[in-house]
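Me: I would like to learn how to read some features of a protein structure, one at a time. Please give the general idea and then the case at hand.

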Amino acid sequence: MERGTEFLAADLSKPIDKRIYKGTQPTCHDFNHLTATAESVSLLVGFSAGQVQLIDPIKKETSKLFNEERLIDKSRVTCVKWVPGSESLFLVSHASGNMYLYNVEHTCGTTAPHYQLLKQGENYSVHTCKSKSTRNPLLKWTVGEGALNEFAFSPDGKFLACVSQDGFLRVFNFDAVELHGTMKSYFGGLLCVCWSPDGKYIVAGGEDDLVTVWSFLDCRVIARGHGHKSWVSVVAFDHYTTSVEESDPMEFSGSDEDFQDQMIHFGRDRANSTQSRLSKRNSTDSRPVSVTYRFGSVGQDTQLCLWDLTEDILFPHLPLSRTRTHTNVMNATSPPATIITNTSSNTTNGNDSGANTPGINSVSATLPRSNSLPHSAGTTTANSTNKASSGGGGISSGIMDSAIATGVSKFATLSLHDRKERHYEKDHKRNHSMGHISSKSSDKLNLLTKTKTDPAKTLGTLLCPRMEDVPLLEPLICKKIAHERLTVLIFLEDCLVTACQEGFICTWARPGKVGLLSSQNQASSPSGTVV
């Protein structure tokens, strides 16, 4: 059974295991896919008080509790992941800015650990645990200033990308414990990060309301995406639609229904060969290719955005292949994920007008643009206005070009905002940003970061290019899909899965898969329950 179908076949109203915690709340989790079987699965759960629990929800067993006495770290667990290819090693990050490497076979000891320096670099250090016998943690990483919000391993497991509250993306060679490269957000902290399927690009999102695309090979920002109206909480690549096309453009004729059927089969064929063909684009003996990476993002503005990263952005100095002459068709409909059916009626109005981050000048009309359809000059400009409050928003979202709206709405029911909605929407930042309740923690952070890099000195450098110096992506689709802040985005073969702080898990059908999706399921209370 296909993974997406198996997910949908489960009765989400009857969890196989349910645990209620008092005094602490689950904050993150990760399954070990390497050891998972139909009879057993290892699940790590991080908690707000700093502990990490290893459980088996199928056997309903609790194996171990790490950092039980909070002697290793007392701050909230922000991210936990199994080390790729390992049955026993896992990595945990905390709001303290520290990461710890654990082994499930070892104990944590009854006293606070003592450390000795292993390696140190610019704004990071790595220590080993000094002990007569091997104990947890094996390693302690201190990265940047403030909370370490999320980390992600590269597809080959050799590199580690970390995003911190200080606004920096730092990429490490995990085994060699060496810094590979860094990037600075346009404004505020970075909250989420993900890798492209081939490991060549990293996307990060955060408090500047932008998604930023960073080249792993060139160690530089190659594009920014502007569509959200508040903090970006999750970014994820769609492995099933990221593609490389080596053939000539497809020719289409007939009705809209025939066109959609052709695109469904076309997208399925592309998804099956994505991984093996991505590496071919650097081959010198292959003919010109058309590259398309698809990724998505969700945020505190309750919006889902889908983005295309195409060859005019990736290779701005190379002549475009013939496929790019069909951008208006290919970008709007190419792989299955482009056409999404909203299986829920849970939609409300969002705010299309918000405050912009100071310092954004007019974007050059000559810069490459994602979804480069015909558009007026006015759509390439972002006005410079001062921020009205300290809320999570940094960049306001503009209305998409009418040409894009027309192209997308023809093939997708999860479509762009209606222009009329903006007159009836309330100020979204006031409802969804958390800046107004985090002033105390911000004051504390300022006290701890006396050596923090001056943002004014990084703006305009390779660490943080100005807005007019890099291409500006526009979302292919930008849709309000929830009432509360969105916290989850997962791409499956048959559907997309999203979740919000209200406790709703929603599945969104890909084209041709609508029959597999029939409902919107509400999970148990998000405060204190693992489902």
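Me: Is Y201 buried or exposed?

Reply: Buried means under 20% relative accessible area, exposed means over 50%, and partly exposed lies in between (1.4 Å probe, protein chains only). Y201 has a relative accessible area of 7%, so Y201 is buried. This is a predicted model, in which local features need pLDDT of at least 70 and side-chain atom pairs count only at pLDDT 80 or more, while totals for chains, interfaces and linings use all residues. Residues are numbered from 1 along each chain as its sequence is written, and side-chain values use heavy atoms, with hydrogens and water left out.

Me: Which residue forms an aromatic pair with Y201?

Reply: A pair of aromatic rings is described by the distance of the centres and the angle of the planes. Rings of Phe, Tyr and Trp (its six-membered ring) pair if their centres lie within 6.5 Å; planes under 30 degrees apart count as stacked, over 60 as edge-to-face and the rest as tilted. Y201 pairs with Y293 in an edge-to-face way, at 5.3 Å centre to centre and 75° between the planes. Y201 lies in strand β17 (residues 201–206) and Y293 in strand β22 (residues 290–299), so the pair ties together parts that are 92 residues apart in sequence. Y293 counts as buried, at 1% relative accessibility.

Me: How many aromatic pairs are there by this rule?

Reply: The count comes to 16 aromatic pairs. One of them is the edge-to-face pair of F66 and F90, with 5.1 Å centre to centre and 65° between the planes. Because F66 belongs to strand β5 (residues 61–66) and F90 to strand β7 (residues 89–94), this pair ties together parts that are 24 residues apart in sequence. F66 is buried at a relative accessible area of 1%, and F90 is buried at 0%. There is also one aromatic cluster formed by Y124, W141, F151, F153, F172 and F174.

Me: How many helices and strands does the protein chain have?

Reply: Helices (H or I, at least four residues) and strands (E, at least two) are DSSP runs, numbered from the N terminus. The protein chain has nine helices and 30 strands. Of its 531 residues, 55% count as buried.

Me: What is the strand order in the open sheet of six strands?

Reply: Two strands pair if DSSP finds at least two bridges between them. The order in this open sheet is β6-β7-β8-β11-β10-β9, and the pairing is antiparallel. β6 (77–82) and β9 (114–121) are the edge strands, each pairing on one side only. Inside the sheet, β8 (residues 98–103) and β11 (residues 139–143) pair in the antiparallel sense over four bridges. L101 has L139 in β11 as its bridge partner.

Me: Which strand forms a hairpin with β12?

Reply: β12 forms a hairpin with β13, with five residues between them, and G157 in the turn has a positive phi of about 75°. β12 and β13 (residues 159–164) pair in the antiparallel sense over five bridges, and F153 stands opposite L160 in β13. Strand β12 (residues 148–153) is mostly covered, with five of its six residues buried.

Me: Which residues does G225 touch?

Reply: Contact means heavy atoms within 4.5 Å. Not counting residues up to four places away in sequence, G225 touches D209, L210, V211, W307 and L473. G225 is found in strand β19 (residues 220–226) and counts as buried at 0% relative accessibility. Among contacts in the protein chain between residues at least 6 apart in sequence, 61% join residues at least 24 apart.

Me: How many disulfides does the structure hold?

Reply: A disulfide is a pair of cysteine sulfur atoms within 2.5 Å. The structure holds zero disulfides. C79 is in no disulfide, and the nearest cysteine sulfur, that of C28, is 6.0 Å away. C194 is in no disulfide either; the nearest cysteine sulfur belongs to C192, 7.6 Å away. C79 counts as buried at 5% relative accessibility, and C194 is buried with a relative accessible area of 9%.
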